[in-house]
Amino acid sequence: MDKYKYRLCYYKKGNIKFVGFIDLTRFIIRALRRTNLPVHYSCGFNPQPRISFSIPIPVGVESKREWIEIYLSKKISEKYILEEWNRQLPIELQFYECYYVEDLKDKLDVKFINYELEIFHHDIELLLKDIGRFYNLKSYNILVRRGEKIKILDLKDFINEIEINKNKDKILIIAKTFYKNNNLIRGEEIINIFTYKPFIKNQVREILINV
Amino acid sequence: MDINDILYNVKNPGRYIGEEFNIIKKDWKDVKLHVALVFPDLYEIGMSNLGFQIVYHLFNRRNDTLCERFFHPDLDMENYLREYNIPLFSLESKKPLFEFDIIGFSLSYELNFSGILNILDLGKVPIFSKERKEKDPIIIAGGPAVLNPEPIVPFIDVFFIGEAEESIDELVEIYLDWRNNKESKFELFKRWVKLDGIYIPSFYDEEDRRIKPKYYFVPEKIKRRIVKDLDNSYFPTKPLVPLNSIVHDRGMVEIMRGCQRNCRFCLAGYIYRPKRIRSVEKIKDCVKELFKNTGYEEISLLSLSSNDYPYIEYLIDELNKEFSDKYLSFSLPSLRADKFSLELAEKIQKVRKSGLTFAIEAGTERLRKVINKGLKTDDFLNTIKIAYEMGWRKIKLYFMLGLPTEENDDIKELINILFRISKENKGILLHLGFSVFIPKPHTPFQWEKFCEREIFEERKKYILKNLKRGPFIIDFHDYNMSKLEAIFSRGDRRLSIVLYSAWKMGSRLEGWKDYLNISIWEKAFKENKIDPQDYLGERKLDEILPWDHIQTGVLKDFLIKERERAYKEIETPPCEWGEYCEFCGISHG
């Protein structure tokens, strides 16, 4: 059967951030099943819609951009796909870009994860000093938990840029991080570079891919 | 700290956000009546309950009414709500419970009773009816667990006994008219009590264990409300689709209500009589709408006994024909362990293949005659054999321990049969679930005793020892949990004070093994000088029972006759209106 690949991105904000990733994927797939889109299904005992999600998003984290790939059995306009799917989704979770991917072998290649961490902190100067110090270091190892395992990661390998942005009454840590060899740094792990760790009020991420 | 901050710190915060697909959010100013619908258990249980969803939509389909949901918060959430003095809020508008006009509790299970007290308290509503003022919300309770309402009488203003589909509009109309007249709650209750199915405890006195009306306008017996025409009754085809996973995460269509089988232990078999069916055409329409509105991958065709739906094969063929290209699968609960069930299971699993489950209930044919399960050992063995030949390797079997007349020999025989199955079907894996028989009100076994702990433990030990080697996975239901359920199932008004004490001492969510703290309950019984054994022993046939004023429609004489037959090991054939009738008292016309 013919299949056509589409790559879409969506945002997730508000209360939807409190839904776990697996639950979220099921919710998005059910929304897709409610549309009239000709979804391509896998074969076998337990046929599933052909859909794949980019890196799992933790509970409590908002996102400006997450990626999904789907296969359809007919070629359809990107605009129609967006309209149909969005109609079945709450305003806190909507797709806003859709691309037809001609080469079926072309895989989602995540390059960067950007973070916006809204924080509580009384001393911005101190944070800036820590950032300066971080830039001058050769390495900055931290312990992270990945499932059942504890790993050592060098933050210098992952943090490309980091800055503090004071926006009205909000203080934001803006960080651009690399996604490397299936490894990533989580938002809350970035604050390890600070002597006095700020309290994170809200976390927003954005996934950027190689195109 | 606000709700948003708390959500970062609790388990499964998605349970509290209220963003389900098909959620109904109305402006409070646009409606006249605000109803809080409460399920006093965790979200994942409450959201799986079909009755709860039906009532939610029955209220909300009215333009003048809104209905918002409340569930029992998990303990971490409760601690935060108490610490920061935040009243329990609805999922839809996040309004506190005390601001609603009517609070309706959906009660399916006796071990949810402490949840009523906890939710009222968290919602800043006085717990006892007598403490509530005219301005306070009216508390209504319904659902299968209120067929014996007495243990929770002091907390509830109005009980609704029976099926809600045709009654909610009547209740609301009377309420709205009453409110226009600015009369007292007493006047409202006086009008409501004229409807069938309404039990208002404040209109009754307890004299010598008998519940008697205080006023001339109050009925002596409360008749269960029964929907006559199920086919044309309301069914929600736009149910809430949860974001968080729940226990039964699938669509549901009720294909049949009531059961004709006369299983003597089964509460549902007596309180949902008579058997009524939904037509194939209506079911097809429901499935079509459900799929369109939910996107579910699976739809469960609900009934108490799938085999007994008269057009079941035709129905499955029709559904397969229409929906297989949508990758929609169907499931049938409550399959009997016979060959016909296997044919149905084969048919139904055209899209996805799942497991096979049979409730055998008792190990021997003799005991199955006592409980009227109507299943011959040879038939059941043959069914397993055919299932094995058809390719099923994992089969789940459910049993009850502590059934009336059960002896050690019944257990021995069961072990023999299980080994015979494993020998005859090499490579089979049997998942065995054992629960404890609970005597339920309104059934022929309402006078029976609850199994003593020593006997249960002895039989459990024997089973575990003898099934140690073999292809068996064995689960036992928690004895303490069943015991508490047994106490409250046949409880009276005196238990309300035990319930209150246990709740005060911190008992919560008793239906969850990890949360049940039986020592609190032991202390509560002791402090109130009530012996739990009073509720667990055998009852005399001429004894006044706490639920005698509640009429399901099934005659007490019929229950007595059925009990006699049980002891004589005589089976009662399935009822078939127009063909075979045991005259239980229920009207079919």
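Student: What covers the buried residues of helix 5 of chain B?

Tutor: Helices here are DSSP runs of H or I with at least four residues, strands are runs of E with at least two, and both are numbered from the N terminus. Buried means 20 or more other C-beta atoms within 10 Å of a residue's own, exposed means 12 or fewer, partly exposed lies in between, and C-beta atoms are placed from the backbone. The cover of helix 5 includes strand 1 (33–39), strand 2 (65–71), helix 4 (75–83), strand 3 (102–106), helix 16 (479–489) and helix 17 (495–504) of chain B.

Student: What kind of model is this, and what pLDDT do side-chain atom pairs need?

Tutor: Residues are numbered from 1 along each chain as its sequence is written, while chains are lettered from A and ligands numbered from 1 in the order in which they are written. This is a predicted model: totals for chains, interfaces and linings use all residues, local features need pLDDT of at least 70, and side-chain atom pairs count only at pLDDT 80 or more.

Student: How many of the 10 residues of helix 5 of chain B are buried?

Tutor: The buried set runs B:Phe113, B:Ser114, B:Gly115, B:Ile116, B:Leu117, B:Asn118, B:Ile119, B:Leu120 and B:Leu122. Helix 5 (residues 113–122) of chain B is therefore largely enclosed by the rest of the structure, and the buried count is nine.

Student: At what angle do helix 5 and helix 17 of chain B cross?

Tutor: Axes are lines fitted to C-alpha atoms, for helices over the stretch in contact, and angles run from 0 to 180 degrees between N-to-C directions. The two axes come within 10 Å, and the crossing angle is roughly 60°.

Student: Is the crossing of helix 5 and helix 17 of chain B left-handed or right-handed?

Tutor: The angle makes helix 5 of chain B oblique to helix 17 of chain B; the classes are roughly parallel under 35 degrees, roughly antiparallel over 145, roughly perpendicular from 65 to 115 and oblique for the rest. A crossing is left-handed if the near helix is turned anticlockwise from the far one by less than a right angle, and right-handed if clockwise. Helix 5 of chain B passes helix 17 of chain B in a crossing that is right-handed.

Student: How many charged residues are in the contact of helix 5 with helix 17 of chain B?

Tutor: Contact requires C-beta atoms, placed from the backbone, to lie within 7 Å. B:Phe113, B:Ser114, B:Leu117 and B:Asn118 of helix 5 of chain B meet B:Leu499, B:Tyr500, B:Ala502 and B:Trp503 of helix 17 of chain B. Nonpolar covers Ala, Val, Leu, Ile, Met, Phe, Trp, Tyr, Cys and Pro, charged covers Asp, Glu, Lys and Arg, and polar covers the others, Gly among them. The contact has six nonpolar residues and two polar, and its charged count is no residues.

Student: How are helix 11 and helix 13 of chain B oriented to each other?

Tutor: The axes of helix 11 (residues 339–348) and helix 13 (residues 377–390) of chain B come within 9 Å and cross at roughly 25°. The contact joins B:Lys339, B:Leu342 and B:Glu346 of helix 11 to B:Thr383, B:Ile386, B:Ala387 and B:Met390 of helix 13 of chain B. Its residues divide into four nonpolar, one polar and two charged. Helix 11 and helix 13 of chain B are therefore roughly parallel.

Student: How many residues does the largest nonpolar core have?

Tutor: A nonpolar core is a set of buried Ala, Val, Leu, Ile, Met, Phe, Trp, Tyr and Cys residues joined through C-beta atoms within 7 Å. Those with the most contacts inside the largest core are B:Ile103, B:Ala141, B:Val158, B:Val253 and B:Ile360, and its count is 152 residues.

Student: Where is A:Tyr179 found?

Tutor: A:Tyr179 is buried, with 20 other C-beta atoms within 10 Å. Beyond four places in sequence, A:Tyr179 is in contact with A:Val110, A:Lys111, A:Phe112, A:Ile113 and A:Leu184. A:Tyr179 sits in the loop between strand 9 (170–178) and helix 5 (187–190) of chain A.

Student: Is A:Asn182 buried or exposed?

Tutor: A:Asn182 is found in the loop between strand 9 and helix 5 of chain A. Its phi is near 60°, a positive value in a residue other than glycine. With 7 other C-beta atoms within 10 Å, A:Asn182 is exposed.

Student: Is B:Asn12 buried or exposed?

Tutor: B:Asn12 lies in the loop between helix 1 (3–7) and strand 1 of chain B. B:Asn12 has a positive phi of about 40° although it is not a glycine. With 20 C-beta neighbours inside 10 Å, B:Asn12 counts as buried.

Student: How many residues of chain A are in contact with chain B?

Tutor: Chain B contributes 17 residues to the contact, and chain A contributes 19 residues.  The side of chain B that touches chain A divides into eight nonpolar, five polar and four charged residues. For chain A, the count is 19 residues.

Definitions and conventions
Two residues are in contact if their C-beta atoms, placed from the backbone, lie within 7 Å.
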